[in-house]
Amino acid sequence: MFDFGIIPPAMFLGMIIFMLYGFPVAFSLAAVGLFFGIIGIATGHFSEAFLQALPLRIFGIVSNDLLLAIPFFTFMGAILERCGLAEDLLEGTGKLFGAVPGGLAYAVIVVGAILGAITGTVAASVITMGVISLPIMLRYGYSPRVATGVIAASGTITQVIPPSLVLVVLADQLGRSVGDMYLGAIGPSILQIAIFLGFILLLSIFRPETVPPLPKEVRGDLNWSLLMRVLAGMVPSIVLIFLVLGTIFMGLATPTEAGALGVVGAMALAALHGRLTWPLIRQAMTSTMHITTMVVMILIGSTCFSLVFQGMDGSRWIEHMLSGIPGGPVGFLIFVNIFIFILAFFLDFFEIAFIVIPMLAPVASALGIDLIWFGVLICVNMQTSFMHPPFGFALFYLRSIASRDVKTRDIYVGAIPWVVMQLILVAIIIFWPQSVTYWLNKGPAVDLNTIKIEVPGFGGNQLSLPPMGEPGSGNDSPQLPGLTLPPLGGLPGQQPAPATAPPANPAQPAPPPDLSQPPTIK
């Protein structure tokens, strides 16, 4: 453990002590980094010039165009949280599925996935669906544990479904394309929704009393009017999803530009529902400012820490420890996911992404692990940080809007099965990487052994050089057909080589090659 000195472990321990004491994460990271930076200079690990990279790194953070996607997506989610879209979707789909046991739970999962694809924020999904659907589910006989669990879990799907903020941050930290990260998350998103729906189906079969259907007088008749109402709520959402994700996947816009399009679409939806007011915009701007400032400050603090940590050979220390884990890449992934699952009890996903991922990414790359697969896997794992008791933020959000009749114990116990399902998805992705990599655009496969290069006039189908001059003839310079170069002896400042008599019967010169045509590649 101490092959690279005592300072790297001491830095890691100091960071943990600062954060457990309660200091803000951004300032804790910066303080630990600067303190050990002074120690590094005093002990000769690096010179003062090494820290000159810190201002350049901070400038690189604030000038990073990719990070502009964070305020855009946050602002879009804050507007959609208050524009009435979720109410329309939940009411329509709740009545559509209400005739079957677990119908309201199905509706919550489906609407949670749609909101996740257009908002990208957990708080908006959990709070909105909790306010609307939790009283109805409890009123018509749903178990409090099932009702609170499905609402919290459907909100955390937002972490995996593009355009998730977590995927944007992970793409930046791993040095990969946001579009590829979004494509890689499609498979796990579908699997997560399928697992959640399958759990409700099992409950409706084996414990139907916990998920009863809605009464006929509440859900109404299944007719064209109801279907059109559901479509009227979903079509604008699908259009907005295309604006945000379709333009990225088709290469028409960068994630930052797609985020700006999403903001315009969200404001249009709010205006369509008659709720685009100045107070709504002001609240959305305030929320966006708080989240964006927090993210940038944590990123600056983590940059200060990681710079000094690398100067102390901390990255080599981490790689030395993790590369020796038995089991190869699979053993490494299992260990990392257990480690991050434990960290998620105490740290927010932004803190994990900015502190831990830069340490783990070089090791994963050295083991030959695809970083898109690695990033999506970590994202799926980090969604458990919103669910597992006692520090899950989704549970806090739900507790804040639930009535006093709902016990905190029921919220915590109800979350456990959904955490287990999220961990099952983590195991599926570890042992089935194609669930992520299948969606990536790998481009056409080319066999390099079948490539042939043809140059017109030079040896037909083979690439050949023109003949050189006859050795010893006094004209050793290369000659091209139809082109005579001066002899080597006739260079400036030298005596010209003696002329040689031309051959008695000169051969007919070969026609000059047609160099107007480019070489062809087969």
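Visitor: What share of the protein chain is buried?
Guide: Buried residues account for 46% of the 522 residues in the protein chain. Keep in mind that this is a predicted model.

Visitor: And the secondary structure, how many helices and strands?
Guide: The protein chain has 23 helices and 2 strands.

Visitor: What about the accessible surface of the chain?
Guide: About 25300 Å², with 69% of that belonging to carbon and sulfur atoms.

Visitor: How many of the contacts join residues at least 24 apart?
Guide: Counting contacts between residues at least 6 apart in sequence, 76% join residues at least 24 apart.

Visitor: Let's go inside. Which residues of the largest nonpolar core touch the most other members?
Guide: Leu80, Met137, Val150, Phe332 and Phe374, out of 147 residues in that core. Helix α6, residues 103-119, gives this core its largest share, 11 residues.

Visitor: Take Phe332. What is in contact with it, leaving aside neighbours within four places in sequence?
Guide: Phe332 contacts Leu322, Ile325, Leu360, Val363, Ala364, Leu367, Ile369 and Phe374. Phe374 is also on the list of core residues that touch the most other members.

Visitor: Now Asn337. Where is it placed?
Guide: In helix α17, which covers residues 328-343.

Visitor: Buried or exposed?
Guide: Asn337 counts as buried because its relative accessibility is 5%, and the cut-off for buried is under 20%.

Visitor: Which residues does Asn337 contact beyond its sequence neighbours within four places?
Guide: Leu377, Ile378, Asn381, Val426 and Ile430.

Visitor: Switching topic: Asp65. Where does that sit?
Guide: Asp65 is in the loop between α3 (53-62) and α4 (69-82).

Visitor: Why does Asp65 count as exposed?
Guide: Its relative accessibility is 53%, so Asp65 counts as exposed; the cut-off is over 50%.

Visitor: How far is Asp65 from Pro255, C-alpha to C-alpha?
Guide: 9.4 Å, although Asp65 and Pro255 are 190 residues apart along the chain.

Visitor: Last topic, cavities. How many of 30 Å³ or more?
Guide: The structure holds 3. The largest cavity has a volume of about 50 Å³.

Visitor: What lines the largest cavity?
Guide: Ser306, Phe309, Gln310, Ser315, Pro358 and Met359. By class, that lining has 3 nonpolar, 3 polar and no charged residues.

Visitor: Which helices supply at least two residues of that lining each?
Guide: α15 (278-311) and α19 (357-366). The largest share, 3 residues, comes from α15.

Key: Residues are numbered from 1 along each chain as its sequence is written. This is a predicted model: local features need pLDDT of at least 70, side-chain atom pairs count only at pLDDT 80 or more; totals for chains, interfaces and linings use all residues. Side-chain values use heavy atoms; hydrogens and water are left out. Helices (H or I, at least four residues) and strands (E, at least two) are DSSP runs, numbered from the N terminus. Buried means under 20% relative accessible area, exposed over 50%, partly exposed in between (1.4 Å probe, protein chains only). Contact means heavy atoms within 4.5 Å. Accessible areas come from the Shrake-Rupley method with a 1.4 Å probe; for residues, only the protein chains shown count as cover. A nonpolar core is a set of buried Ala, Val, Leu, Ile, Met, Phe, Trp, Tyr and Cys residues joined through side-chain atoms within 4.5 Å. On a 1 Å grid over the protein atoms alone, a cavity is a set of points where a 1.4 Å probe fits but cannot get out, and a pocket is an open set with protein on both sides within 12 Å along at least five of seven lines; lining residues have an atom within 4 Å of a point. Grid points are joined across faces, edges and corners, and a volume is the space filled by probe spheres set on the points. Ala, Val, Leu, Ile, Met, Phe, Trp, Tyr, Cys and Pro count as nonpolar, Asp, Glu, Lys and Arg as charged, and the others, Gly among them, as polar.
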